[in-house]
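Here is a short briefing to read alongside the model. Please keep the viewer open and follow the points as they come.

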Amino acid sequence: MTSIEILGATTGAMVMIALGIGSQAGAQHDASRVQASGDPNQTFVSLCVPCHGPQGKGDGPAAVAFNPRPADFTKAELWVERTDEELVTSITKGVNAMPPFGPQLSQEEIRGLVAYIKSLRVPSTPWPVGISR
Ligand code: HEC
């Protein structure tokens, strides 16, 4: 592990504490409050940022613990040939180390998250050659 990774992990831990993620006592309550707000951005910050990072680059505070790393939503490659339905399924049921969010979020909220994470794709990122969408 490089010193940059150690630094990242430390900063990450601080971010988690700042977000209140470190204190799990009120987590259940917080989750239902987030759910009620229905704001995908807020839901993303509460539930996804710890692993996927604030810009969705797959560099959240907990990301170092995963192999493969959490998906980078800014990368065009991730979106190629992938339908909303597949993304909804991934978030609902989880993918490998990623936990399922179906028990916690409604399908509507998950659809809101899909729209949100798609908006994180860096607009200037070119599609790979030969891909028409
Ligand atoms: C505990 C860490 C963790 C959290 C929290 C988490 N993810 Fe993930 N996520 C991962 C990992 C790890 C992967 C890569 C899984 C793989 O490819 O093996 C991933 C992959 C994904 C993918 C790509 C799935 C695919 O089909 O390849 C999507 C979309 C995604 N996450 C969305 C979300 C959303 C939305 C949230 C918040 C509701 C979230 N994730 C929360 C760890 C996490």
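Valine 122 is partly exposed because 14 other C-beta atoms lie within 10 Å; the class covers counts between buried (20 or more other C-beta atoms within 10 Å) and exposed (12 or fewer), with C-beta atoms placed from the backbone. Valine 122 sits in the segment after helix 7, where helices are DSSP runs of H or I with at least four residues, numbered from the N terminus.

**Reading the model**
- This is a predicted model, in which local features need pLDDT of at least 70, side-chain atom pairs count only at pLDDT 80 or more, and totals for chains, interfaces and linings use all residues.
- Numbering starts from 1 along each chain as its sequence is written.
- The protein averages a pLDDT of 78, and 64% of the residues score at least 70; pLDDT is the predictor's confidence in each residue, from 0 to 100.
- Over residues 12–36 pLDDT stays under 50, and the model has 18 contacts beyond four places in sequence for them; a contact requires C-beta atoms, placed from the backbone, within 7 Å.
- Where pLDDT is low, the predicted coordinates should not be read in detail.

**Around the ligand**
- The ligand is surrounded by 22 residues, the closest being Cys48, Cys51, Ser90, Asn96 and Met98; a residue counts if its C-beta atom, placed from the backbone, lies within 6 Å.
- Two or more shell residues come from each of helix 4 (49–52), helix 6 (84–93) and helix 7 (107–119).
- Helix 6 gives the most to this shell, with four residues.

**The nonpolar core**
- The largest nonpolar core has eleven residues, among them Phe44, Cys48, Phe73 and Ile117; such a core is a set of buried Ala, Val, Leu, Ile, Met, Phe, Trp, Tyr and Cys residues joined through C-beta atoms within 7 Å.
- Helix 7 gives the most to this core, with three residues.
- Beyond its neighbours within four places in sequence, isoleucine 117 is in contact with Gly56 and Phe73.

**Backbone points to check**
- Most residues other than glycine have a negative phi, and most peptide bonds are trans.
- The peptide bond from asparagine 67 to proline 68 is cis, with omega near 0°.
- Glutamate 81 has a positive phi of about 55° and lies in the loop between helix 5 and helix 6.
- Asparagine 96 has a positive phi near 45°, and it counts as exposed because it has 8 C-beta neighbours inside 10 Å.

Notes. Two residues are in contact if their C-beta atoms, placed from the backbone, lie within 7 Å.
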